[in-house]
Amino acid sequence: MHRVGSAGNNTNSNRPRKEKRLTYVLNDTDDTKHCAGINCLAVLKSSVSDGCNYLFTGSRDGTLKRWALGEDAATCSATFESHVDWVNDTVMAGDNTLVSCSSDTTLKTWNCLSDGTCTRTLRQHSDYVTCLAAAEKNTNVVASGGLGGEVFVWDIDAAVTPLSNSSDVIEDDSSNGINGSANSLPISSLRTISSSSSITAHTTQCHGYVPIAAKGHKESVYALAMNDSGTLLVSGGTEKVVRVWDPRTGSKTMKLRGHTDNVRALLLDSTGRYCLSGSSDSMIRLWDLGQQRCVHSYAVHTDSVWALASTSTFSHVYSGGRDLSLYLTDLTTRESLLLCTKEHPILQLALHDESIWVATTDSSVHRWPAEGRNPLKVFQRGGSFLAGNLFSRARVSLEGSTPDTAGSVKLWDITRGVVIEDYGQVSFDKKKEQLFEMVSIPAWFTVDTRLGSLSVHLETPQCFSAEMYSADLNITGKPEDDKVNLARETLKGLLSHWMTKRRPRPSSRASANGDVLPGKDITARSLGHSRIEVDGNAENDSMVYPPFEFSTVSPPSIITEGSQGLWRKKITDLDGTEDEKDFPWWVLDCVLNNRLPPRENTKCSFYLHPCEGSAVQILTQGKLSAPRILRIHKVVNYVIEKMVLDKPIDGNNDGTFAAGLGGQLQHSAVGDGSFRSGLKSWQKLRPSIEILCNNQVLSPDMSLATVRAYIWKKPEDLLLNYRVIQGR
């Protein structure tokens, strides 16, 4: 499992506070497909004979999906999106409640027959939550385990009931699907996930519902199982033992030793007498809990066993794991059959009538015939152990999409969230080399693909370091030399739906002191930065320009953190009720108040001298300063002006330089006005000028930043030379 960094604040840390970041996850696929491995499965059987059965899948892409099951087909009917990291396990709690757990350290409850409504977020774990177990006949009991060595037993009915007093572990997500709703309850287990992947738990006195803690694990927990009545709980993990608990009190009952590696899968029979365990030591063991010993061992697999599913009578077990193989084993005779071999490791299994669903590290799920009610038929057909593949083709496949992990190379426009070109199965390094351009742009974002799609991370103030001219972005209606801040316009594009929904609310943007602000938090934070800059070029406009318009067909999802915690939502699902409790203050300060944090290195200092041996006059002895994005052709125009006019023209918007450029000034500014529109009378006689750096002639389209990074390559101020090209 991977760890995900959050920009939270370490309360006990003396280090400077790191601001919360905003992430958006891009999609170029159909929303009815997962785009990363399937970690978990849950089947909901209809209570009526002609009703619809459903399969729920939880993925490493951070979402769950509901599939309506037909005889020979399965259709995605809903996507459940709220977790901000891998979904690791999911179980049914009754007929209407789905419970999921995630590497984001939370459990979430869902109305499983809705269109994707998260009803509650449960926070008690200090690290990734890896596994769940439910009591089939006591439907309100669910247990959870995680990497922190914690095991909690939840009364789901009590946990999802809103409390009149504040609760420290539970959040109501039903009003808007994210943390921090109008009905939200404060959190006691405040976790900080820092960039170094350390997780700190701060627990305060809880006045609301608190789950039962089963204390005893000293290391990570990877597997749980519970009997039907909810009176027995077993757990396993990296300690290599199976622990047995009374989930009603959290007390330890016994410890079973025998495995030599991590216990990864557990099953209990309906009575709670027998337990099956699968381990990274490749063994499956059958335990008699009454005798407190292992009664059978099954050496079926050649590598780690990660998934188990038993028949209702506990007479046969299906198993899968890292060796890509699905086996059926008779627990009495120990006879085993290889049912099929997958292309990817098997993560979880779910029996449904006469079929078995198989989830793997691929983004697809397959249903295979299994004779679940009478597995002896399989043995009668299959012959001896390791008889070969009995089923050569899956009966039903829920195909996924792996845009970034299957070797397909794509070129993305991240300010619109669209794929520019799909190069197919080619070498990434070779394609990267082919596409390389000698252009220097500040690193204003970071990316990763751990959720199966491209995730783009924006952090202040770094994200505001990149600018481009409006002409280079082909933006019409703006002066061509207006500087466009890429992060600001991207944030406007991401939040355009939110802004549209937000505007009709009367007086929602007026604070108590009359400032037009989204809330007190932003006012206080903004005033605390004495160097906050107002982007004068933007004129506080809310227009989203074409280079920053995101798709509404496959909209990206936002993952960010407000004062109430982390949340995730599609940008088209933002309903305008989100405020400073939900967004980082700097995001709203940018899109609502047109304020940007102080930025470094937006200017480039340089010297401009004639080439050695040239008879051309020396225009200036002093140091010049200009925007990093200034093109060399502007420097050419400056030289021509000085040569033809003898002196610079006063700075204005029609395309000249700042006044006072002379040898006596040590810090003069080169303007970045336009020289593209029309020739002035003096320009008709303009000489031809070349600009050089390190004796290399520079392309007129190069920026000062590019010259400094790729041509100059020194920490000292840039030195440019100019010369007249003879014969032109």
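This is a short tour of selected sites in a predicted model.

**Stop 1: a helix pair**

Select helix H4, residues 486–494, and helix H7, residues 585–593. Two packed helices are described by the angle between their axes and the distance between the axes. Here the axes come within 9 Å and cross at roughly 90°. Angles of 65 to 115 degrees count as roughly perpendicular, and H4 and H7 are therefore roughly perpendicular to each other.

Now show the side chains. Which residues of H4 meet H7? They are Arg488, Leu491 and Lys492. On the H7 side, look for Trp586, Val587, Cys590 and Val591. Colour the contact of H4 with H7 by residue class: 5 are nonpolar, 2 are charged and none is polar.

**Stop 2: an open sheet**

Move to the open sheet of 4 strands. Its order is S10-S11-S12-S16, and the pairing is antiparallel. Select S10 (129–134) and S16 (212–213) to see the edge strands. Each of these pairs on one side only.

Next, select strand S12, residues 151–155. S12 and S16 run antiparallel and are joined by 2 bridges. Pick Phe152 and look across to S16: its bridge partner there is Ala213.

**Stop 3: Leu566**

Go to strand S41, residues 565–570, and pick Leu566. Is Leu566 buried or partly exposed? Buried means under 20% relative accessible area. Leu566 has 23%, so it is partly exposed.

**Stop 4: a cis peptide bond**

Select Thr460 and Pro461. The peptide bond from Thr460 to Pro461 is cis, with omega near 0°. To place Pro461, show strand S36 (455–458) and strand S37 (467–469): Pro461 is in the loop between them.

**Stop 5: two residues with positive phi**

Start with Arg334, in the loop between strand S27 (325–330) and strand S28 (336–341). Its phi is near 65°, a positive value in a residue other than glycine. Switch to a surface view: Arg334 counts as partly exposed, at 45% relative accessibility.

Then jump to Asn695. Where is Asn695? Look in the loop between strand S46 (689–693) and strand S47 (696–697). Asn695 is not a glycine, but its phi is positive, about 65°. Exposed means over 50% relative accessible area. Asn695 has 74%, so it is exposed.

Technical notes: Residues are numbered from 1 along each chain as its sequence is written. This is a predicted model: local features need pLDDT of at least 70, side-chain atom pairs count only at pLDDT 80 or more; totals for chains, interfaces and linings use all residues. Side-chain values use heavy atoms; hydrogens and water are left out. Axes are lines fitted to C-alpha atoms, for helices over the stretch in contact, and angles run from 0 to 180 degrees between N-to-C directions. Angles under 35 degrees count as roughly parallel, over 145 as roughly antiparallel, 65 to 115 as roughly perpendicular and the rest as oblique. Contact means heavy atoms within 4.5 Å. Ala, Val, Leu, Ile, Met, Phe, Trp, Tyr, Cys and Pro count as nonpolar, Asp, Glu, Lys and Arg as charged, and the others, Gly among them, as polar. Buried means under 20% relative accessible area, exposed over 50%, partly exposed in between (1.4 Å probe, protein chains only). Two strands pair if DSSP finds at least two bridges between them.
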